[in-house]
Amino acid sequence: MRRAYSATPRPRGGAGRPEPEQLGFEGMPERLFVCTPSKLGSYEDCPRRYRYSYVDRPTPPKGPPWAHNSLGASVHTALRNWFALPAERRLPEALPTLLKGTWVREGYRDEAQERAAYRRALEWLESYVETLDPAVEPLGVERVVAVKTSVLAFNGRADRIDSRSGPDGPELAIVDYKTGRTGLDSDDARGSQALALYAFAAERVFRRPCRRVELHHLPSGTVAAHEHTPESLARQVSRAEDTARDIVAAERAVAEGGDPDEAFPTTPGPICTWCDFRRSCPAGAEAPTKDPWAAVDRVLTPAAGDA
Ligand code: SF4
């Protein structure tokens, strides 16, 4: 039987160098790489950021919390709690209490901005729940799905898993809420590795076809959707497995005495501006600085005013 393998090695005597944990011997089965979508995505975005998040211990200091993360978390939790209500109490009047109860206050410029963000989030939620049938129960809300391949032990928490009628019977759809300013299109849904992995896992967990993935963008009230095929899901899984192999190779290189900076190179770019570790990263120093509330400012600014 395969054993699960966490790619996060134990630190050896500080200095952030990972212990060569349970290195395989010839003839032993490969260990599975335990991962979530954010773990894989972190490495794909920037190997150095992955190292700061999952390898170096103690974890390098992070910057202050971002207001846009607070806003997103507040809306996500309010929607989770909406579905936790009995169907007859899923009324728009319930939303202010739900949102207040889940509101995360960190990162805003001041109370005026926070209040404006709260009002905007409430508007999004009111518009969004109008599109929902309170009597329809999702199959899962913030539901963890897990699956193993020959390389991965994947687990992830899907915002929502819907059961819907398809031409050949019941089928599942993965729903992911988005609260950023920019609208999304079907290419975003098609290209999302996280959504594809959720679909792949949900299909196996629930033993029902799950090919449809949807990004529900609350600020614009739009849905960006994609219908996967077994082949396109397999391609995303294969890509995730390639990433996992790269991570294991990098961690092994460090465990065997290699230079951690070489094994986990920086990939500077626009993401550095929003990276939690930019203060610890030599490449991050070059990136333009943004206030923790800058992205929320953009969300609250009418689109026409944005260059
Ligand atoms: S600041 Fe940029 S290069 Fe450095 S870890 Fe973050 S994303 Fe990577």
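On a 1 Å grid over the protein atoms alone, a cavity is a set of points where a 1.4 Å probe fits but cannot get out. A pocket is an open set with protein on both sides within 12 Å along at least five of seven lines. Lining residues have an atom within 4 Å of a point. Grid points are joined across faces, edges and corners, and a volume is the space filled by probe spheres set on the points.

This is a predicted model: local features need pLDDT of at least 70, side-chain atom pairs count only at pLDDT 80 or more, and totals for chains, interfaces and linings use all residues. Residues are numbered from 1 along each chain as its sequence is written, and side-chain values use heavy atoms, with hydrogens and water left out.

The largest cavity has a volume of about 110 Å³. It is lined by 15 residues, with Cys46, Arg49, Cys272, Cys275 and Cys281 closest to its centre. Its lining holds nine nonpolar, three polar and three charged residues. Here Ala, Val, Leu, Ile, Met, Phe, Trp, Tyr, Cys and Pro count as nonpolar, Asp, Glu, Lys and Arg as charged, and the others, Gly among them, as polar.

The ligand sits in this largest cavity, meaning that more than half of its atoms lie within 2 Å of the cavity's grid points. Around the ligand are 13 residues (a heavy atom within 4 Å). Cys46, Cys272, Cys275, Cys281 and Gly284 are the closest. This shell splits into seven nonpolar, three polar and three charged residues.

What is the relative accessible area of Cys275? The value is 13%, so Cys275 is buried (under 20%, with a 1.4 Å probe and protein chains only). The structure holds zero disulfides (pairs of cysteine sulfur atoms within 2.5 Å).

Now the open spaces. The largest pocket has about 2,000 Å³ of space. Of its 46 lining residues, Ser38, Asp45, Arg49, Asn69 and Lys178 are the closest to its centre. The lining comprises 16 nonpolar, 17 polar and 13 charged residues.

The second largest pocket has a volume of about 290 Å³. Its lining has 20 residues, and Tyr128, Thr131, Leu132, Arg160 and His216 lie nearest the centre. Eight are nonpolar, seven polar and five charged. Which element gives the most to this lining? β4 does, with four residues. At least two residues each come from α5 (111-130), β4 (152-166), β6 (210-217) and β7 (222-227). Helices (H or I, at least four residues) and strands (E, at least two) are DSSP runs, numbered from the N terminus.

Key:
Buried < 20%, exposed > 50% of the residue type's maximum accessible area, 1.4 Å probe, protein only.
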